[in-house]
Amino acid sequence: MMKTVRFIVVAVVLLCCLRMAGQTFIVVDSQDSVCSTSGRSGRIGDNDYPLTVRYLGYHEREVAAPCDTVFLEENPMELEEVVVSTRQQKVLHILGYVREYSTLTTYHDTVFMFREKMVDFMLTPGRKPRFKGWSNPRVLKSRSYYRFTNAEGLDSVSSEGNYHFSWSDWIDAIPSPTLPTSLKGVKLGTDTVMGKYQPTEIWNRKDDRVTVNVNVLADTASRNWVRNLSSFFHDNLEFEDFRLRYSYDNVVADTINADNMTGFSFNIESEGRGHEMLRFNKLNEDYFVSTYAEIYILDKEYITVKEARKWANRKIDLSGVDIIEPEDAPRLQQPILALIDRVEHIDKDAAKLDFVPDRRLVSKFRHRNNFTFGTRALTLLKDLTGITIIKTHRNLNSGWSKFRKDRIRHNQQKHQPDPDTPAE
């Protein structure tokens, strides 16, 4: 049977476009199959080599020169079985490590972000306790590295960005997907679930390991895999590519449970992001967002609802939480290491001294020198009644509204023709 292998190409220059004149190649599983047309790369120029082909569940492969076929070897992730010791432990707490690469581009500017983060999920698989939990990743700690470039030669880095354009915080941890009937009771097999025009799910089973590749755009029913993103499927945002891969282990009873999950990855490309990028793109200018992320499951444990509520209310001491990179995560590529090094050597004190804040985004409350006993009493009264907070919020909203209108007017002027330039 043919096995589809979707893959990610990580070039030495991460921000370059691979869709140019050049040679293509296909990526195949080295064990038992060739790849379908969905595993063919875009056209890659000779100058883009060497590059790295990476996909969750496989060892990464460096490609030094143009070739026809790239073989990937499977790298299964295994975790210890989760044992439920009492019936009171109804909630599954999952701790994970996320590594993501996201890019926001217009026709003039590019923002690239590499981020590592520790996240957790709180699932209630197959049960309905009086606790909802969460299936989207909750960030416990993160580190971000940005690179800003544009057509005028800007090349700047930062550990912070003004806009959150990544898709990685919206992808669910699917608790208990249904294993296709054809894969029940067998040790080796592949099954394809067709969408309206092309495969929407491709399942593979090898002993007690199961993987599923999902093409969310192949069928509207596939949106059940990304329930938190349902509101983004509208006319103003167009997804160009949307694929996920989930890996499970210790599947011994033909039933997949949430505690069988060992990791998942996804690749999302979209035109737009659903939010205005007023300080980034010009008015009515298209912008594009792409995110590739890998989520590695580090720990799984069934806990009581009482314990789960402590996690939900952050009554657990998280001060000691650090970013733990799993052993089976591939090494970071040299361009990413160079970006991290640049960011970590930023002189933040000098940058703060050079920064001039926009006072329109700050409350207009000013400290007066004649702050007498009477004014102190009046201020205390306003604080107690909430009047000061209300006024501060009102001023902030007013300042933001004025700032927004100024930016729109500024961007509109950029699109106006130069009166000194003769019309063609």
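The protein chain has 424 residues, of which 43% are buried. Its secondary structure comes to 5 helices and 15 strands. Among the contacts in the chain with a separation of 6 or more, 67% are between residues 24 or more positions apart. The mean pLDDT of the chain is 76, and 67% of the residues reach 70 or more. Over residues 1-21, however, the pLDDT is below 50, although this stretch has 83 contacts in the model beyond near neighbours in sequence. Where pLDDT is low, the predicted coordinates should not be read in detail.

The sheet comes next. Ten strands form an open sheet with antiparallel pairing, in the order S9-S8-S7-S6-S15-S14-S13-S12-S11-S10. Strands of a sheet pair through backbone hydrogen bonds, either parallel or antiparallel. S9 and S10 (188-194) stand at the edges of this sheet; each has a single partner strand, so one side of each is left without a neighbour in the sheet. On average, neighbouring strands of the sheet are turned by 15 degrees against each other, direction ignored.

S8 and S9 run antiparallel and are joined by 4 bridges.

The structure holds 16 aromatic pairs. In one of them, the ring centres of Phe114 and Tyr145 are 6.2 Å apart and the ring planes lie at 25 degrees; planes under 30 degrees apart count as stacked, so this pair is stacked. Phe114 belongs to strand S7 and Tyr145 to strand S8, and the pair links distant parts of the chain, 31 residues apart. Both residues fall under the 20% limit for buried residues: the relative accessible area is 0% for Phe114 and the relative accessibility is 5% for Tyr145. Elsewhere, ring pairs link Trp167, Trp170, Phe232, Phe233, Phe239 and Phe242 into a cluster.

Helix H2 (residues 334-344) lies across S6, S7, S8 and S9, and runs at about 85 degrees to S8. Its buried residues are Ile336, Leu339, Ile340 and Val343. These residues cover an arc of only 100 degrees around the axis, which puts them on the same side of H2. An α-helix has 3.6 residues a turn, so residues three or four places apart point the same way. The strands against which the buried residues of H2 pack are S6 (91-105), S7 (109-123), S8 (134-150) and S9 (155-158).

Asn213 is located in strand S12 (residues 209-215). Asn213 is buried, with a relative accessible area of 7%. Between Asn213 and Thr192 the C-alpha to C-alpha distance is 9.6 Å, while the two residues are 21 residues apart in sequence.

Most residues other than glycine have a negative phi, and most peptide bonds are trans. Asp207, which is not a glycine, has a positive phi of about 60 degrees. Asp207 is found in the loop between strand S11 (199-206) and S12, and counts as partly exposed at 45% relative accessibility. Asp254 is likewise not a glycine and has a positive phi of about 60 degrees. The loop that holds Asp254 is between strand S13 (238-248) and strand S14 (261-271). With a relative accessible area of 23%, Asp254 is partly exposed.

Technical notes. Residues numbered from 1 in each chain as written. Predicted model: local features only at pLDDT ≥ 70, side-chain atom pairs only at ≥ 80, totals over all residues. Heavy atoms only, no water. Buried < 20%, exposed > 50% of the residue type's maximum accessible area, 1.4 Å probe, protein only. Helix = DSSP H or I, 4+ residues; strand = E, 2+ residues; numbered from the N terminus. Arc of directions from axis to C-beta. Contact = heavy atoms within 4.5 Å. pLDDT = per-residue confidence, 0-100. Pairing = 2+ DSSP bridges. Axes fitted to C-alpha atoms, helices over the stretch in contact; angles between N-to-C directions. Phe/Tyr/Trp six-rings, centres within 6.5 Å; stacked < 30°, edge-to-face > 60°.
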